[in-house]
Amino acid sequence: MTSGVTTEPAILDARELTSHPELELRFVESAHRILADLVSGGAALGWVEPPSRDEVAELLGHVVSAVQTRDAALRAAYLDRQLVGLGYWLRYARPTHRPHADLEKIAVDSAAHGRGVGLALTTALIADARETGIEVLTLDARGDNANALHLYRSLGFTEYGRLTDFVAVGEHRYDKVFYMLDFRRQG
């Protein structure tokens, strides 16, 4: 092991990310790079083409605004002071679904895969959901994303539905798999 190299990711919340303008600006730039690179490589993050920097900035601005009203949580993972991953959940907008939230994105830089970043981000976001009083945390994932699906199952998520060949990426079709973590059934 190299001296001075961090092995555990540092997980920051939205308050920490937005407390300093320079950190916030670097966060948007780094998040854009990670998301665009992952989508370019075929990652299932909701885009067919890599998002623009402005799209990412608008998305993150929306999430940060929702965090301020306790309708979201945003987490960022850093290894050796470099952003290597991010994730967030958003509370459902429909009044009858307000007790619940959807884990919308977990994105980990491909260079950091296998280093526990996805686990650390997801664990922190689950803790945020519990602390906020979310009753059910849901997510959906592309059916061929075996590593992510394994991670979610290992953290207690259960599959509650699947739409066969629902996700269209060019000529390719993938299942859309729905998972949930029901905090009402946990002690």
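First, the basis of the description. This is a predicted model, in which local features need pLDDT of at least 70 and side-chain atom pairs count only at pLDDT 80 or more, while totals for chains, interfaces and linings use all residues. Residues are numbered from 1 along each chain as its sequence is written, and side-chain values use heavy atoms, with hydrogens and water left out. Helices (H or I, at least four residues) and strands (E, at least two) are DSSP runs, numbered from the N terminus.

Let me turn to strand β2. Two strands pair if DSSP finds at least two bridges between them. Strands β2 and β3 run antiparallel and are joined by eight bridges. On β1, the antiparallel pairing with β2 has four bridges, and Ala10 stands opposite Tyr78 of β2.

How many of the eight residues of β2 are buried? Eight of the eight are buried, where buried means under 20% relative accessible area, exposed over 50%, and partly exposed in between, with a 1.4 Å probe and protein chains only. Both faces of this strand are covered: Ala72, Leu74, Ala76 and Tyr78 lie on one side, and Ala73, Arg75, Ala77 and Leu79 on the other.

The hairpin of β2 and β3 has two residues between the strands. Asp80, in the loop between β2 and β3, has a phi near 50°, a positive value in a residue other than glycine. Arg81, found in that loop as well, is not a glycine either, and its phi is positive at about 65°. Their accessibility is as follows: Asp80 counts as partly exposed at 35%, and Arg81 counts as exposed at 78%.

Next, helix α2. This helix covers residues 21–40, and its 20 residues reach 29 Å from the first C-alpha to the last, close to the 28 Å expected at 1.5 Å a residue; the expected span is 1.5 Å times one less than the number of residues. Among its buried residues are Leu23, Phe27, Val28, Ile34 and Leu38. The cover over the buried residues of α2 includes β1, α1, α3, β2, β3 and β4, counted by contact, that is, heavy atoms within 4.5 Å. Just after the helix, Gly42 takes a positive phi of about 95°.

I now come to the interior. In soluble globular proteins, nonpolar side chains tend to be buried together. A nonpolar core here is a set of buried Ala, Val, Leu, Ile, Met, Phe, Trp, Tyr and Cys residues joined through side-chain atoms within 4.5 Å. The largest such core has 28 residues, and those with the most contacts inside it are Trp89, Leu103, Val117, Leu137, Tyr152 and Phe157. Two or more residues each come from β2, β3, β4, α4, β5, α5 and β7, and α4 gives the most, with five. A second, separate core has 27 residues, including Leu38, Ala76, Tyr78 and Leu90.

The aromatic rings deserve a separate word. The structure holds two aromatic pairs. Rings of Phe, Tyr and Trp (its six-membered ring) pair if their centres lie within 6.5 Å; planes under 30 degrees apart count as stacked, over 60 as edge-to-face and the rest as tilted. Tyr152 and Phe157 have ring centres 5.7 Å apart and planes at 65°, so this pair is edge-to-face. Tyr152 is buried at 9% relative accessible area, and Phe157 is buried at 2%. For Tyr160 and Phe178, the centres are 5.8 Å apart and the planes at 45°, so the pair is tilted. Because Tyr160 lies in β6 and Phe178 in β7, the pair ties together parts that are 18 residues apart in sequence. Tyr160 is partly exposed at 43%, whereas Phe178 is buried at 18%.

Finally, strand β7, in which eight of 11 residues are buried. This strand runs antiparallel to β5, with seven bridges, and antiparallel to β6, with eight. In β7, Lys176 is the bridge partner of Arg142 and of Leu163. The charged end of Arg142 sits over the ring of Tyr174, 4.1 Å from its centre; the criterion is NZ of Lys or CZ of Arg within 6 Å of the ring centre and within 35 degrees of the ring normal. Lys105 likewise lies over the face of Trp47, at 4.6 Å from the ring centre.
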